[in-house]
Amino acid sequence: MLLFVLPIAVASIIQQLFHSADTAVVGRFVGKEALAAVGGTTPLINLFIEFFVGLSNAANVVAAQYVGQGNKKRAADTVHTAITVALISGVIIGIAGLFLARPLLKLMLVPEDIIGLSSEYLRVYFIGMPFLMLNNFSSAIFRSCGDTKKPLYCLSIGGAVNIGLNLFLVLVLNLGVSGVAWATVISSGISSALLILLLMRENEFIRLYPNKLGIDRKIFWKLAKIGLPSGFLGSVFSISNVCTQSAINSLGTDTVSASSAAVNVEIYLQFIGNAFAQAVTTAVSQNYGANQYDRCVKIIKTALLLCVSVTVVLSSAVYIFGHRLLRIFVVDAAVIEIAMARMKYTVIFKFVQSIMDIMSGGLQGYGYTLIPALVSVVGVCGVRLFWIFAVFPNYQTLGSLMIIYPVTQAVAAVSYTLLAWCRSQQFKKFY
């Protein structure tokens, strides 16, 4: 499991380096306003893409189940349907983002002194959405066969290009926030092209033939059945995060900058839980497809023990060295102190989110997503929105806002654990 997880985690970290390089370059060489402009757009970007990320995760589940069954034809049909959906969804998100970016930024209460820069960054960023979707779906297809190294290699190349272009476009050509956005678009295009070329040279299960691109209705509806609840949940989470970002925006530019810097530190911890969750989803899917139900339960237990242990160690280190890590993105001492106040809630309790991620990954591997999504919509997102609109206005501090993250993650972790236990009990008669 560790050999499977490590490339996923590293690939996710490299992909995040696209955005972290953006924020680091503009934060240190352009100014804290540019940092706030770039960092404050993350929840809005996620709002557009999370729905389709659910479908990419479903592609992993469906393809892995067919691989576990040894069904080459249906696995291949899944690949061609998934890549077609990636292209179509990328174009749709890109066009929608170009037209809706500025109005949505206004709804998010983005401060007037940075809304122009934020709009400039987003318009360029959304041009690269087809590439981003191809990266997500192609990587999911490779994971379905247990291959996590090829996505790592391709994203590593893209990450190196992104960092180099960031420095060139900002320091040499003085393009500011649009320069870092174009660097992301170009590097994403390179990594997605490499992934597609490798898929065209793969084994019979997941080989891509461009002339066979199209949507198989049965496969698409199977993807939708598994992916839409997950995508819907991701979208609702993104809406709650957009509302949270709006609340942060109301606290001023320094708080927006601090939150942006903190997110770019703490998000790397999140990739640990995500990597283990993706490993669990793939392994459970393959064994579920092969009717090895006892192994499914063992996989979840093993991942939970490993993930929580690793997360506790790394989150402790990140918080201890928090001031030094934050200086990568911002040099203003007051902003750094605000960022540390946020990390008190988001980093120290990161292990709670890791439990949530593992249990969610196991349920997805079973193809069991609808009820968990409904539970999270009510118990997590509903609580967050209630807190933001009913409680926060009376206690307008960053701490009173951030406390809601560990609380709602604990609700999700307990809910998912109970659902996974109920699911495992149903399988006991088979082993």
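A residue counts as partly exposed when its relative accessible area lies between the buried class, under 20%, and the exposed class, over 50%. In this predicted model, aspartate 294 has a relative accessible area of 26% and is therefore partly exposed. Aspartate 294 sits in helix α11, which spans residues 293–320. Its C-alpha atom lies 8.5 Å from that of serine 424. Along the chain, aspartate 294 and serine 424 are 130 residues apart.

Helix α9 covers residues 217–249, and helix α10 covers residues 253–289. These two helices pack with their axes 8 Å apart. The angle between them is about 135°. This angle makes α9 oblique to α10, because values over 145 degrees would be needed for a roughly antiparallel arrangement. On the α9 side, the contact is made by Gln245, Ile248 and Asn249. On the α10 side, Thr255, Val256 and Ser259 take part. By class, the residues of this contact comprise two nonpolar and four polar. None is charged.

Aromatic rings were examined next. The structure holds three aromatic pairs. One of them joins tyrosine 121 and tyrosine 125, with ring centres 5.7 Å apart. Their planes meet at 35°, so the pair is tilted. Both tyrosines belong to helix α5, residues 112–127. They are four residues apart, and therefore about one helical turn separates them. Tyrosine 121 is buried, as is tyrosine 125.

Phenylalanine 220 and tryptophan 221 form another aromatic pair. The centre-to-centre distance is 5.6 Å. With 70° between the planes, the geometry of this pair is edge-to-face, because plane angles over 60 degrees fall in that class. The two residues are assigned to separate accessibility classes. Phenylalanine 220, at 26% relative accessibility, counts as partly exposed. Tryptophan 221 has a relative accessible area of 56% and is exposed.

Cysteines were considered last. A disulfide is a covalent bond between the sulfur atoms of two cysteines. A search of the whole structure finds zero disulfides. For cysteine 154, the closest cysteine sulfur is that of cysteine 145, 15 Å away. This distance is too far for a bond, because a disulfide requires sulfur atoms within 2.5 Å. Cysteine 154 has 3% relative accessibility and so counts as buried. Cysteine 296 also counts as buried, with a relative accessibility of 0%.

Definitions and conventions: Residues numbered from 1 in each chain as written. Predicted model: local features only at pLDDT ≥ 70, side-chain atom pairs only at ≥ 80, totals over all residues. Heavy atoms only, no water. Axes fitted to C-alpha atoms, helices over the stretch in contact; angles between N-to-C directions. Parallel < 35°, antiparallel > 145°, perpendicular 65-115°, else oblique. Contact = heavy atoms within 4.5 Å. Nonpolar A, V, L, I, M, F, W, Y, C, P; charged D, E, K, R; others polar. Buried < 20%, exposed > 50% of the residue type's maximum accessible area, 1.4 Å probe, protein only. Phe/Tyr/Trp six-rings, centres within 6.5 Å; stacked < 30°, edge-to-face > 60°.
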